[in-house]
Amino acid sequence: MNKSGEIVIIEDDEDDRYLLEDVFNSLECTNNRLYFEDGEAALEYLQHSSSVPFLILSDVNMPRLNGFELRHKLHTDAELQIKCIPYLFFSTAISQEAVIAAYSMSAQGFFVKQGVFEDLRTTIQVILEYWKRCAAPNNF
Amino acid sequence: MNNNGAILVIEDNEDDRFIMEEVLIDLNYPNNRVYFSGGKEAMDYLQNSESNPFIVFSDISLIKLSDLEVKRELRADRVFLSRRIPFILLSDTSNTNIAYDRSPQGSFIKTCSISEFTKTINTVIEYWQRCSPQN
């Protein structure tokens with residue numbers, strides 16, 4: 001696990017991207033953030049980058065390649081080190097089917113996208129603390 | 001996920017069980033705690049009880065005993081994961097064989113410092129309580 005690696009954020013909503021970046025700044029997060037507007041752009045980056053990201057935070061509903069499809073592709077096609085990056089889902093609308101789909105893929109977390117800064121800040125803070133403390137996640 | 005469900009602890013070492021219980025008492029979550037000496041007992045509990053546990057903490061050494069035990073414990077993993085119950089591994093050192101770190105939810109170190117271990121357990125519980133769906 002590359003705990004100093006970048007945090008890949010896949011989010012098609014510009015306002016949500018700004019809010020997340022404000023949260024990371026307020027937490028003085030030392031990991032770089034890399035934002036992608038859709039799953040395909042993120043897939044392209046992850047398959048060709050030489051660095052190993054620390055975390056992937058992914059929206060579920062996105063144009064072209066949605067969050068579930070992207071995670072599935074990473075787990076079937078990507079190098080082992082990419083497969084081992086914790087993949088967390090964020091969504092505004094959480095349907096029961098979406099949650100079941102996420103956990104049937106052994107999700108590492110499925111979070112409600114909170115619109116209130118303080119709530120989102122606490123969630124992101126707990127996420128960072130959890131994966132920094134984690135010794136070795138393995139998806140298989 | 002059931003935030004109010006029991007916290008299951010799979011741990012065969014009595015001292016470690018004692019420390020875990022002290023930590024959970026200290027953290028003051030209202031969840032019941034149920035302790036097991038192996039994955040098999042925890043699985044039996046899951047299959048035979050009406051309860052819907054919140055989370056499982058399992059000592060990593062319990063999945064290293066023998067091939068038979070490994071198969072049995074891996075089945076325990078899968079049983080819990082298929083019920084969408086987070087399965088967290090705990091180990092004594094960071095030198096654990098990565099091949100055994102079978103939980104997608106990660107493994108965590110039982111540090112010598114009780115205060116650090118308490119922080120770890122607190123972080124893990126907070127994380128999964130924030131996960132959806134809320135019960």
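Residues are classed as buried when their relative accessible area is under 20%, as exposed when it is over 50%, and as partly exposed in between (1.4 Å probe, protein chains only). The structure is a predicted model, in which local features need pLDDT of at least 70, side-chain atom pairs count only at pLDDT 80 or more, and totals for chains, interfaces and linings use all residues. Residues are numbered from 1 along each chain as its sequence is written, chains are lettered from A and ligands numbered from 1 in the order in which they are written, and side-chain values use heavy atoms, with hydrogens and water left out.

Chain A contains 6 helices and 5 strands, assigned as DSSP runs numbered from the N terminus (helices, H or I, at least four residues; strands, E, at least two). Read from the N terminus, these elements follow the order β-α-β-α-β-α-α-β-α-β-α. Of the 140 residues in chain A, 54% are buried. Contacts are defined by heavy atoms within 4.5 Å; among those in chain A between residues at least 6 apart in sequence, 69% join residues at least 24 apart.

Side chains of opposite charge can pair when their charged atoms come close. A salt bridge is taken as a side-chain nitrogen of Lys or Arg within 4 Å of a carboxyl oxygen of Asp or Glu, and 16 are present over all chains. One of them joins K110(B) to D16(B), with an N to O distance of 2.8 Å. This pair links distant parts of the chain, 94 residues apart: D16(B) belongs to helix α1 (residues 14-27), whereas K110(B) is in the loop between β5 (107-109) and α4 (114-130) of chain B. Both K110(B) and D16(B) are buried, the relative accessible area of K110(B) being 11%.

K110(B) also forms a salt bridge with D92(B), at 3.9 Å from N to O. D92(B) lies in the loop between β4 (87-91) and β5 of chain B, and K110(B) in the loop between β5 and α4, so this pair ties together parts that are 18 residues apart in sequence.

A further salt bridge connects K119(B) and E116(B), whose closest N and O atoms are 3.3 Å apart. Because these two residues are 3 residues apart in helix α4 of chain B, about one helical turn separates them. K119(B) is partly exposed at 46% relative accessible area, and E116(B) is likewise partly exposed, at 29%. Through shared partners, salt bridges also join E11(B), D16(B), D59(B), D92(B) and K110(B) into one network.
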